[in-house]
Amino acid sequence: MLGNFTYSNPTKLYFGKDALDGLNAELPKYGKNVLLVYGSGSIKKNGIYDKVVKILKENGKEVFEDGGVMPNPTNEKLNEGIERARKAKANLILAVGGGSVCDYAKAVSVSVNCNEDAWDKYYIRFDDVTCDIVPVGCVLTMVGTGSEMNGGSVITNHEQKLKIGHVFGDNVFPKFSILNPEFTLTLPRYQMISGIFDIMSHILEQYFSGEDDNTSDYIMEGLLRSLIHSADVAVKNPNDYEARSNIMWTATWALNTLVEKGKSTDWMVHMLGQAVGAYTDATHGMTLSAVSIPYYRYIMQYGLKKFSRYAINVWNVNPENKTDEQIANEGLTAMQSWMEKIGLVMNLSQLGVKAEMIDGITKSTLVMDGGYKILNEEDIKAVLKASL
Ligand code: NZQ
Ligand code: ZN
């Protein structure tokens, strides 16, 4: 039952080994001043920075730099970026990096022409954008978040112990994104695996909701099977272009608004993971892997039919002579073994969480109502304790 919805995705994608050539087609559409946003230096080491700057110069652009965007970008860095974009009179913000850099670029883009405090406006009050947006383009170097084709923008406030995502409308989506799987080959293994689980989690957050027959669920089962297969190949041989390119493409489709259509969607794993992130600054995908199995075991009974379907269609559990509960449990066990096999973080202690932090993390966890169970404070504490 798909219901009523509007669907459009304005991001133009350039995919493959020649994708960076797409910049030559895109840059003439924007004014002279480009704010080049990047992280802590990986693009300088692997040569992507030089390639991008060369193309910008060839297209007659004035390049203004905003480097040093940290993983899990902060509100302080955001305020700095807004100032830089204003001084540069930026006509285009070009994000070269992973989800953190792309998210940050979007947060800058909606704040440059706005006088209010960006954190309060977008991350506390969740206000709509009321000022002119500076367009964003993205050259992706880390795969997982889907930020290259969505309106998501997550900012961390360490002082307030909050990590919050604002999902902006399609006017804030990157106008274009360059997806060259070769650009991801220099990623450390830890980041590659973290990104793989981020993709899996995005799909599951949307899959585990509703009881109706919905095309979106079939698409997601296909994406999951492709992801598991390619992840197995990439973990054995990270330089396997075929596997890395499939993972990149799956990441984009996992969170570019298509598969959420007709779904209420859960997102509690992300709310728990983000609260953990606010306390530990841990790598995003690993905060999700640490809480996923305890969370799913906790809510499984409320969505038994779907968990049983997941076990059969994604993990090849044989359903013969078994109850839904047995099938569902076998599915989660198969998922857990696979997660352990590819090297994911499986508990919060490994991320530096201590028992005495549970109360605080519980308070920082936003509660969503689209999944199989609406968690109360005690539920959240129980899941976090089981994840320690
Ligand atoms: O900073 P640099 O030097 O670039 O290093 C980065 C960073 O240390 C490194 N890296 C990236 N590409 C590389 C590379 N190292 C070597 N070679 C390359 N090609 O990887 C590290 C992690 O990068 P980051 O951008 O932080 O990772 P990710 O893409 O996972 O982004 C995480 C952020 O995105 C948010 C997360 O909460 C987190 O803040 N999310 C955004 C979403 C969205 N926009 O829809 C949804 C997600 O659920 C997520 O919440
Ligand atoms: Zn995520």
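**Burial and cavities in a predicted chain**

Buried residues make up 58% of the 388 residues in the chain, and the model discussed here is a predicted one.

Me: What makes the chain as compact as a globular protein of its length?

Reply: The secondary structure comes to 15 helices and eight strands. The radius of gyration of the chain is 20 Å, which is close to the 21 Å that the globule rule gives for 388 residues, so the chain is as compact as a globular protein of that length. Taken along the principal axes, the C-alpha atoms fill a box of roughly 70 × 45 × 40 Å, and residues 24 or more positions apart account for 79% of the contacts with a separation of 6 or more. The accessible surface comes to about 15700 Å², with 50% of it belonging to carbon and sulfur atoms.

Me: Why is Lys-373 called buried?

Reply: The relative accessible area of Lys-373 is 17%, and buried means under 20%, so Lys-373 falls on the buried side of the cut-off. Lys-373 lies in the loop between α14 and α15 (377-387), where, leaving out residues up to four places away in sequence, it touches Ile-299, Tyr-302 and Asp-379.

Me: Why does Asp-359 count as partly exposed?

Reply: Asp-359, which is found in helix α14 (residues 358-363), has a relative accessibility of 44%; because exposed means over 50% and buried means under 20%, a value in between counts as partly exposed. The C-alpha atom of Asp-359 is separated by 7.3 Å from that of Lys-381, although the two residues are 22 residues apart along the chain.

Me: How do you know that helix α5 is mostly covered?

Reply: Helix α5 (residues 99-109) has 11 residues, and 10 of them are buried. Among the buried residues of α5 are Val-101, Asp-103, Tyr-104 and Lys-106.

Me: Which class, buried or exposed, does Thr-265 belong to, and which does Asn-321 belong to?

Reply: Thr-265 has a relative accessibility of 12% and counts as buried, since that class is under 20%, whereas Asn-321, at 80%, counts as exposed, that class being over 50%. Thr-265 is found in the loop between α9 and α10 and has a positive phi of about 65 degrees although it is not a glycine. Asn-321, found in the loop between α12 (304-315) and α13 (324-342), has a positive phi of about 55 degrees and is likewise not a glycine.

Me: How many cavities of 30 Å³ or more are there, and what lines the largest cavity?

Reply: The count comes to two cavities of 30 Å³ or more. The largest cavity, with a volume of about 70 Å³, is lined by Val-143, Thr-184, Leu-187, Met-192, Ile-196, Arg-244 and Ile-247. This lining divides into five nonpolar residues, one polar and one charged, and α7 (189-207) and α9 (241-254) each supply at least two of its residues.

Me: What lines the second largest cavity, and which elements give two or more residues to that lining?

Reply: The second largest cavity has a volume of about 40 Å³, and its lining consists of Leu-162, Lys-163, Ile-164, Met-271, Gln-274, Ala-275, Ser-364 and Leu-366. The elements that give two or more residues to this lining are β7 (162-167) and α10 (268-280). By residue class, the lining of the second largest cavity divides into five nonpolar, two polar and one charged.

Conventions. Residues numbered from 1 in each chain as written. Chains lettered and ligands numbered in written order. Predicted model: local features only at pLDDT ≥ 70, side-chain atom pairs only at ≥ 80, totals over all residues. Heavy atoms only, no water. 1 Å grid on protein atoms, 1.4 Å probe; cavity = no way out; pocket = protein on both sides within 12 Å on 5 of 7 lines; lining within 4 Å. Points joined across faces, edges and corners; volume = space filled by probe spheres on them. Helix = DSSP H or I, 4+ residues; strand = E, 2+ residues; numbered from the N terminus. Nonpolar A, V, L, I, M, F, W, Y, C, P; charged D, E, K, R; others polar. Rg over C-alpha atoms; globule rule 2.2 N^0.38 Å. Buried < 20%, exposed > 50% of the residue type's maximum accessible area, 1.4 Å probe, protein only. Contact = heavy atoms within 4.5 Å. Areas by Shrake-Rupley, 256 points an atom, 1.4 Å probe, with all protein chains shown as cover.
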